[in-house]
Amino acid sequence: MSLPSIIRVHQIVDYYYCSERSRLNVLYGLENPVTGELECGSLVHQWLEQRPKTRGELVLLEALKPYYPYTRTFNGFQIIGHPDDLTLLKKTRVQVVEYKTVDSQSLKQWKTCLARFQTQIYAWILEPILTQIGYSLAHNHKVVYLSRSGVFLKKLGVEHDPHCVERKITEILGFWETGEPLIKPFKWKCRLCPEVFKERCRVHEQL
Ligand code: SF4
Ligand SMILES: [Mn+2]
């Protein structure tokens with residue numbers, strides 16, 4: 001079965017949660033049911049859409065409109081991603097801001113790694129677009145953690161690293177294409193995994 005030509009950022013990031021699950025999502029369109037965390041996240045995203053913007057931010061968003069959905073072509077694939085928010089550090093220097101709502105104050109390290117990678121991919125997608133419209137990408141971006149009631153918890157700085165992004169995406173595309181090597185996730189992930197994935201999963205019975 002061949003890969004779709006359009007790949008979304010969340011599918012790439014999911015690889016680091018469970019490579020098999022991301023493969024099943026990309027090849028067969030299997031999805032996770034909506035969780036409380038996701039619902040809460042979408043409220044934050046609605047607020048971000050409506051938040052007051054500076055004049056400079058409005059000019060930037062207008063210039064970006066023709067490029068929506070933001071896409072970067074890589075190894076014959078179209079990688080699509082939509083950052084939560086963009087801010088201007090200087091007049092024409094753009095920083096990507098990713099928001100995460102979390103259940104408790106305990107931020108797990110693996111979750112912060114995924115959020116960092118996700119933000120790096122958004123920056124990588126945007127870089128050539130920004131250059132075309134006369135802006136530039138900042139060197140540093142950020143992930144902002146909010147509690148489920150919207151209270152600020154923590155900020156995480158994220159460095160732009162295009163080579164690392166391309167290397168990882170190449171590895172992930174390779175895994176999706178060949179399905180090898182089988183990578184076993186922590187057992188608790190399988191315990192939480194919806195039946196729809198388990199039915200097709202090649203890994204969990206070997207754990
Ligand atoms: S059952 Fe386990 S290995 Fe299989 S897709 Fe789910 S989390 Fe991944
Ligand atoms: Mn987000």
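How many bridges join S7 to strand S8 (residues 152-159)? Seven bridges join them, and the two strands run antiparallel.

This is a predicted model, in which local features need pLDDT of at least 70, side-chain atom pairs count only at pLDDT 80 or more, and totals for chains, interfaces and linings use all residues. Residues are numbered from 1 along each chain as its sequence is written, while chains are lettered from A and ligands numbered from 1 in the order in which they are written.

**Overall form**

The chain has eight helices and eight strands. Both are DSSP runs numbered from the N terminus: helices are H or I with at least four residues, strands are E with at least two. The radius of gyration, taken over C-alpha atoms, is 18 Å, close to the 17 Å that the globule rule gives for 207 residues, so the chain is as compact as a globular protein of that length. That rule is 2.2 Å times the number of residues to the power 0.38.

**Strands**

Two strands pair if DSSP finds at least two bridges between them.

| Pair | Sense | Bridges |
|---|---|---|
| S5 (residues 93-102) and S7 (residues 140-147) | parallel | six bridges |
| S7 and S8 (residues 152-159) | antiparallel | seven bridges |

Lys100 stands opposite Tyr145 in S7. Leu146 has Phe152 in S8 as its bridge partner. S7 and S8 form a hairpin, with four residues between them. In the turn, Gly150 has a positive phi of about 90°.

**Cores**

A nonpolar core is a set of buried Ala, Val, Leu, Ile, Met, Phe, Trp, Tyr and Cys residues joined through C-beta atoms within 7 Å. Buried means that 20 or more other C-beta atoms lie within 10 Å of the residue's own, with C-beta atoms placed from the backbone. Of the 207 residues, 25% count as buried.

The largest nonpolar core has 26 residues. Ile12, Val94, Ile121, Tyr122 and Leu126 have the most contacts inside it. Helix H5 (109-132) is one of the elements that give two or more residues to this core. H5 gives the most, with eight residues. Leaving aside neighbours within four places in sequence, Ile12 is in contact (C-beta atoms, placed from the backbone, within 7 Å) with Ile7, Ile121, Ile169 and Ile172. Apart from this core lies another, of five residues, among them Val102 and Val143.

**Ligand 1**

The residues around ligand 1 include Cys18, Cys190, Cys193, Cys201 and His204. Helix H2 (19-28), helix H7 (187-192) and helix H8 (195-198) each give two or more residues to this shell.

Note on methods
Near = placed C-beta within 6 Å. Buried ≥ 20, exposed ≤ 12 C-beta atoms within 10 Å, placed from the backbone. Contact = placed C-beta atoms within 7 Å.
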